[in-house]
Amino acid sequence: MSSEKVKRSVAGSHNPTRWGSIWQGVASRPLARHGLFAVIVAAAVLVFSYEVGAYTDYELTGVAIFAIAAAGLTVLTGVNGQISLGHGALMAVGAYTTALLLEWHSNLLMILVMAVSVAVTAITGLFFGVAAARLRGPYLAGVTLTLALALPQLALHFSSIFAGEQGIPINPPAAPGWLGVNFSLEQWLAWVAVAAALVTLVLLANLLRSWVGRALRAVRDDEVAAMLAGIHVGRTRVIAFVISAACAGLAGSLFAYWLGLAAPGGFSVILSLQLLIAIVIGGLGSLVGAVWGALFLILLPNLTGSLATAFNLPSSISNNLPQAIFGAVLVLAVLAFPRGIQGGLTRLGGVGLARWRQRRPLRGSG
Amino acid sequence: MKRRMALRWAALAGLAAILAACGGATGAGKKEASAPGITPNSITIGSTQPLTGVAAPGYDEIAPASEAYFKYVNAHGGVFGRKINYDYLDDGYNPSETPPLTRELVLQDHVFAMFSALGTPTHLSVVSYLNAERVPDLFVSSGCDCWSEPSKYPWTFGWQPDYTIEGKILGQYVKQKLSGQQVGYFYQDDEFGLDGVKGLDRQIPSSSVVSRQDYVTTNTNVGPQIAALQAAGAKVVVSFSVPAFTALALLTAATLNYHPTWVVSNVGSDPPTLAGLLSSFSKGAAGGALVAGMISDAYLPLVSDSSNAWIKLFKGIVQKYAPTLPWDGNVLYGVSQAYTLVQALKAAGRNPTRATVVKILETKKLTGGPGLVPLGFSQKSHLGYEGVEVVKAGASGSQQSAVSPIYVTTNTGKITVYQGKATEPGSSGVPSN
């Protein structure tokens with residue numbers, strides 16, 4: 001009996017209760033920890049979606065979509081060090097796959113359509129990753145930029161299949177019957193998008209904590225050392241491309257449902273640049289940073305739009321003011337937070353925690 | 001170091017405040033009333049317009065012109081005491097920008113109705129949504145015949161003559177007055193251009209059409225298309241294009257020393273707009289002179305006809321309430337559309353709901369507006385003006401004059417001459433019923 005007591009206290013737990021050991025079990029396993037966090041966030045979003053209006057649900061869907069795309073891009077760019085200016089085009093692949101599938105059979109199951117879009121975009125990412133595996137830095141950026149410019153042109157050129165500039169319309173997904181006939185379409189799509197985002201983030205978080213994540217970082221930090229350690233550099237770079245393409249495909253599929261349209265105008269070079277902005281502002285290499293970046297991307301244009309109309313300016317100025325304000329805020333944000341919002345928060349939190357620790361006496365001392 | 005930390009805290013606080021403000025601005029969720037957008041003092045209507053982008057030249061004047069007319073009406077008692085609030089947002093003529101803006105208008109701003117939403121490809125991206133949400137979608141600024149499907153889109157109504165009707169009447173003019181000459185088509189590669197071509201093909205024999213060239217709004221290089229029309233020997237070019245692309249086509253043809261007779265749809269042929277675009281695209285080398293002799297069509301009084309009572313009324317209103325706007329076809333369009341909306345709102349009575357406005361448009365004939373022909377709304381058709389007259393730009397390229405009687409037709413029926421008389425505005429300038 002006494003040996004058990006000794007065992008428990010030696011185990012380092014100063015919470016010798018059953019809940020304490022469950023908490024220890026969860027905290028030490030990344031999958032359980034991330035999953036628990038995701039469940040808590042999901043519950044909070046569920047409650048939130050009932051409290052707010054349909055337009056906020058609509059914006060929440062947009063945030064979730066960009067969070068998925070930004071998370072994939074931050075794995076590629078932040079964790080693996082490959083710059084991609086072409087992720088808007090990969091989102092277009094996902095969106096058009098969804099649009100064409102629904103054009104073929106309008107009542108396909110949403111999760112099936114999303115899965116096929118992810119697969120098709122991942123395969124596109126595979127081809128592109130293999131082609132670009134030997135390129136570094138500005139050369140890779142240039143090649144991905146051509147992807148961003150050329151892919152929407154395919155839609156215009158083969159306009160009989162892809163419906164040209166007008167695009168392919170998509171009906172909004174209906175909520176399942178058990179939610180009631182009048183369930184808000186915006187709220188249903190918000191639930192689907194947030195669920196998809198949480199699943200993606202949990203999977204990516206686990207991936208980054210595993211040997212794959214370590215290999216990605218190793219290849220980013222020092223290719224020669226990684227090769228000497230036995231990591232296949234080319235294969236790792238392609239894996240990063242495929243993962244980020246799959247995320248872009250999922251985001252693109254949801255984007256098509258969200259807009260109700262798959263048209264080339266929605267996937268210009270600007271979209272690819274906006275995703276880059278999102279991950280830099282949010283915090284490069286950080287998944288939570290991808291979420292901050294997505295929030296920034298969706299919420300700031302709304303604010304700048306209403307600011308612009310608040311002053312009575314000539315129309316040539318007030319029409320273009322939102323973009324000018326966006327640019328100015330961007331510059332200020334990068335100056336104040338060079339490591340992104342998440343970097344800034346971590347630093348502030350770290351400094352705060354250090355100061356708090358300084359004032360508190362250490363446990364067990366004296 | 002400390003200053004940097006302070007800056008970071010300040011920026012974080014600012015960011016949090018911004019996000020909180022955005023969250024607060026969207027408002028709590030509440031179910032919509034039977035007449036959203038209507039209060040005892042106001043009616044709120046919404047629109048999506050190309051205020052920036054490739055379609056902005058010319059078209060960005062339409063919404064401010066409508067707003068000028070609403071200000072006039074508001075200053076004269078409004079609609080049964082309610083002031084009209086016009087909330088229009090910029091979608092840049094990009095069909096991917098229109099859906100979020102439309103949802104903002106419907107879900108956040110709670111507009112009573114959409115009005116004058118501009119663009120064929122842009123509005124096609126939201127028409128199903130608006131009808132699913134049962135929002136009156138009045139007087140779409142586009143002539144696509146897609147807006148007249150009462151069984152599929154019961155809440156959507158056109159206003160301007162549809163492109164197929166325009167194509168038929170212009171095609172008949174080409175067949176009769178420019179017979180024997182080879183014809184080329186230049187059109188936008190979407191429903192706008194395709195509907196116009198459909199109408200043209202119903203009149204112009206296919207043996208006369210030697211070349212069909214299309215363009216997309218994202219590619220401003222129309223050299224290949226104009227060169228192809230020249231190489232095919234087209235002496236007449238019929239164009240369904242937005243003003244910027246009409247100007248590009250004219251300029252490109254001039255640089256290639258190609259001078260066909262231009263026949264251009266009403267939406268892309270306004271002489272003052274074209275003159276301004278030609279001058280700015282060519283950096284002053286060319287101007288309105290390139291527009292001389294251009295054939296087009298009209299369904300409203302001519303912009304330059306200062307003896308017309310409607311022109312006098314509308315020009316005065318624009319000069320008073322929107323003095324920065326020029327006086328041209330786009331401004332006339334915006335004011336006339338606003339007049340029709342006020343007619344519709346007044347006809348719906350003192351307590352309008354979304355359903356009653358739609359019903360009144362289908363059952364009551366709105367008469368007495370500035371149009372040369374009647375509006376064709378009924379339970380079976382949501383098409384707007386039923387026809388046009390053909391006009392020609394003068395030698396200076398700045399004024400248009402009529403060169404044909406006023407015709408009316410349907411998409412598939414015969415073309416007949418309209419026998420009705422033009423109406424005069426009432427003394428107040430506000431529709432009486």
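## Two domains in chain B

In this predicted model, the centres of domain 1 and domain 2 of chain B, taken over C-alpha atoms, are separated by 27 Å. If you want to find them in the structure, the domain assignment of chain B gives 42–161 + 303–385 for domain 1 and 163–298 for domain 2.

## Where the domains touch

How many residues of domain 1 of chain B are in contact with domain 2 of chain B? There are 18 of them, and they meet 16 residues of domain 2 of chain B. On the domain 1 side, α2 (56–59), α5 (120–124) and α13 of chain B each supply at least two residues. Helix α5(B) gives the most to this side, with 3 residues. Sorted by class, the side of domain 1 of chain B that touches domain 2 of chain B has 10 nonpolar, 6 polar and 2 charged residues.

## The largest nonpolar core

Now let's look inside. The largest nonpolar core has 128 residues. The members that touch the most others are B:Tyr69, B:Ala113, B:Met114, B:Val238, B:Val318 and B:Val335. Helix α13 (residues 329–347) of chain B provides the largest share of this core, 10 residues. Why does the core lie between domain 1 and domain 2 of chain B? It lies there because both domains give residues to it.

Take B:Tyr69 as an example. Leaving aside neighbours within four places in sequence, B:Tyr69 is in contact with B:Ile317, B:Val335, B:Ala338 and B:Tyr339. There is also a second, separate core of 103 residues, and its members include A:Leu60, A:Ile243, A:Val291 and A:Leu295.

Which residues of α12(B) are buried? They are B:Trp310, B:Leu313, B:Phe314, B:Ile317 and B:Val318. Among the elements covering them are α3 (62–75) and α13 of chain B. Turn to the other side of α12(B), and you will find B:Gly316, B:Gln319 and B:Lys320 exposed.

B:Val318, buried in α12(B), is one of the core members that touch the most others. B:Ile317, also buried in α12(B), is in contact with B:Tyr69.

Conventions:
Residues numbered from 1 in each chain as written. Chains lettered and ligands numbered in written order. Predicted model: local features only at pLDDT ≥ 70, side-chain atom pairs only at ≥ 80, totals over all residues. Core = buried A, V, L, I, M, F, W, Y, C linked by C-beta atoms within 7 Å. Buried ≥ 20, exposed ≤ 12 C-beta atoms within 10 Å, placed from the backbone. Helix = DSSP H or I, 4+ residues; strand = E, 2+ residues; numbered from the N terminus. Domains from an automatic or database assignment. Contact = placed C-beta atoms within 7 Å. Nonpolar A, V, L, I, M, F, W, Y, C, P; charged D, E, K, R; others polar.
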